[in-house]
Amino acid sequence: MAIGWVAQVVLRLWLFRQHTGPVANPDETGYLLAARWLTGGPGAELTGFTFYQGGYPLLLAPVFWVTRDPVVAYRLVVAVGSMVAAGAFPLAYLLLRRLGAGRRAAMAAAFAGGLSPSLLLFSGLALADAILPTLVLAWLVALHDLAARGSAGAGVPAGGLAGFAMTVHLRGTVVLAVTVLAMLAMTALLPARRRAAVAGLVTAVVVAVAGTVLNRALSAALYPGGPRDLSGILAGRLAGLDGQAWALAGAAGQLWYLVVATWGLAGVGIAGAVAVVARRSAPGPRRFLAAVLLVTTLGIAYASSAALPDEHRVGNYAYGRYLACVAIAWTLAGLLVLARAGRRAVVRHALAAAGLLAVTGGVVVWYAGDRLQRYAFIAFDFPEVIFLTRVRDSFDLVAASAVTLALLACLTGAALLTARRAWPAVVAALALTNVVFAADLAPKSAPAAGPDWLPVITGPGRVAVDRQVKWNVRALLAYRVSWTEIEHFDRTPPDGVCTAVVPPDAGPPPEGWTATGAGGAWQGWTTWVDDRCPGGTSPRGS
């Protein structure tokens, strides 16, 4: 087990070996700045940006106790994310064992599942998505133990993990809500589980309250004018028919992407979960876990779609990131169905998965229409789709669906043709697909280092940025300048500032300042330095 975990960590560190700074902004920058602030470092002005919650930065805080160098810190953050994401491997093994898989089968399936896109893509980035799948798996294991054993020792970790998930991301709020409802149902309907459920509820409330206090402090410090009002967008959408149509169509798009990003296995797993919930003879803990995972998945898809701002991008209609946290769980569920069900059941579940793919894809095409071609296609939003279609600059839903069905047919065929030895055949097919994906990802995730387009500011002294400079420059500089909080100004730099970052068309600097000539129109910035500051040397731009 330890060797497998180390191998998973090493793979991730190799894939992202060239990453030295944020690439997904402002998300990564928001989390990094929060972690730095938690250790007493400089804050930032993030008013108007999405609020990046404190649970994940809390995990990163030790990095900034070790170093304040932004590059070294980022490399350590990649290591932390890689180790946590690799933790999905042993947790997947535990979950499969609890669901009846043998030791060897569970070990092989867990390792192959650990190579899934949802566990690789974000592990090398400073995003909460790096830890959410592992957190969800741990939560599912704890919930199964709660349902199966009913001891207080099982209820406490289940409640604690749900409360922490809420502290990490808004998706965790759905996890917490489902946990509370499930434990309340246990308290009312299952007297033998009442004590454990109450212990879990108390733990969930305590952790959630502590997380709320942390997030409020973080918001007050880094978002003094308030973050982007996603709750307002959510409330507005839920109140009208047009908003409901947006939310439901977006949820369908997320389910479509979930099936595509798991090579069809999530569709098989969802069909299997529905069958387990409907079958009264199924073991109680399995029915409970299947119902919880179904409700959580649908809740995240619906709520995240309803709160998503219309940014005129294709990702508004088909998006995989929000359900990536449950993708590994559904992959494991699909494997269980293909490897353990009878031949007729395997065919039924595979056909149901194909039907789910077709229906959800049809909803996306019907609702979005030509916006799928007219709106911005951002490659970062569609890594699995690009892998399947080999097209990097446009969205082809039909081609992605067709290739997914072909992969699903291969997985289903492996289960049907090998009969009693379905486990190794299906796991081998999944592992092969995931390895090919990782090989395709490798040159993209570790590109050769290129010229730095940001101002190189070495300090010391105060640094200020004109509000007319593009937001992406301002956000990244807030992290790169590690010794002081970036200040903002309009036209004239504040007194006492040593370096000012301004638009390239800002004109000549005020008296006492010198233009460095760095940057340019394509970079969106240039710098001025105050001649009166110690040293009098101009920062250089690359």
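**Charged pairs, cysteines and strands**

Modeller: Asp145 forms a salt bridge with Arg149, with 3.8 Å between the closest N and O atoms; a salt bridge here is a side-chain nitrogen of Lys or Arg within 4 Å of a carboxyl oxygen of Asp or Glu. This is a predicted model, in which local features need pLDDT of at least 70 and side-chain atom pairs count only at pLDDT 80 or more, while totals for chains, interfaces and linings use all residues. Residues are numbered from 1 along each chain as its sequence is written, and side-chain values use heavy atoms, with hydrogens and water left out.

Biologist: How many residues apart are Asp145 and Arg149 in helix 8?

Modeller: Helices (H or I, at least four residues) and strands (E, at least two) are DSSP runs, numbered from the N terminus. Helix 8 covers residues 132-149, and Asp145 and Arg149 are separated by about one helical turn because within it they are apart by four residues.

Biologist: Is Arg149 buried or exposed?

Modeller: Buried means under 20% relative accessible area, exposed over 50%, and partly exposed in between (1.4 Å probe, protein chains only). Asp145 is buried at 11%, whereas Arg149, at 52% relative accessibility, counts as exposed.

Biologist: What distance separates the closest N and O atoms of Glu311 and Arg313?

Modeller: Glu311 is partly exposed, at 36% relative accessibility, while Arg313 is buried, at 9%. These two residues form a salt bridge, and their closest N and O atoms are apart by 2.6 Å.

Biologist: Which strands hold Glu487 and Arg462?

Modeller: Glu487 and Arg462 form a salt bridge, with 2.8 Å between the closest N and O atoms. The pair links distant parts of the chain, 25 residues apart, with Glu487 in strand 2 (residues 487-489) and Arg462 in strand 1 (residues 462-466).

Biologist: Which residue does a disulfide join to Cys498?

Modeller: A disulfide is a pair of cysteine sulfur atoms within 2.5 Å, and by this rule the count comes to one. With an S to S distance of 2.1 Å, the disulfide joins Cys498 to Cys533.

Biologist: Why does the pair of Cys498 and Cys533 tie together parts that are apart in sequence?

Modeller: The link of Cys498 and Cys533 is left-handed, with -95 degrees about the S-S bond. Cys498 lies in strand 3 (residues 497-502) and Cys533 in the segment after strand 5 (526-530), so the pair ties together parts whose separation in sequence is 35 residues.

Biologist: Which residue in strand 2 stands opposite Ala464?

Modeller: Two strands pair if DSSP finds at least two bridges between them. Strand 1 pairs in the parallel sense with strand 3 over four bridges, and Ala464 stands opposite Ala500 in strand 3. Strand 1 also pairs in the parallel sense with strand 2, over three bridges, where the residue opposite Ala464 is Glu487.
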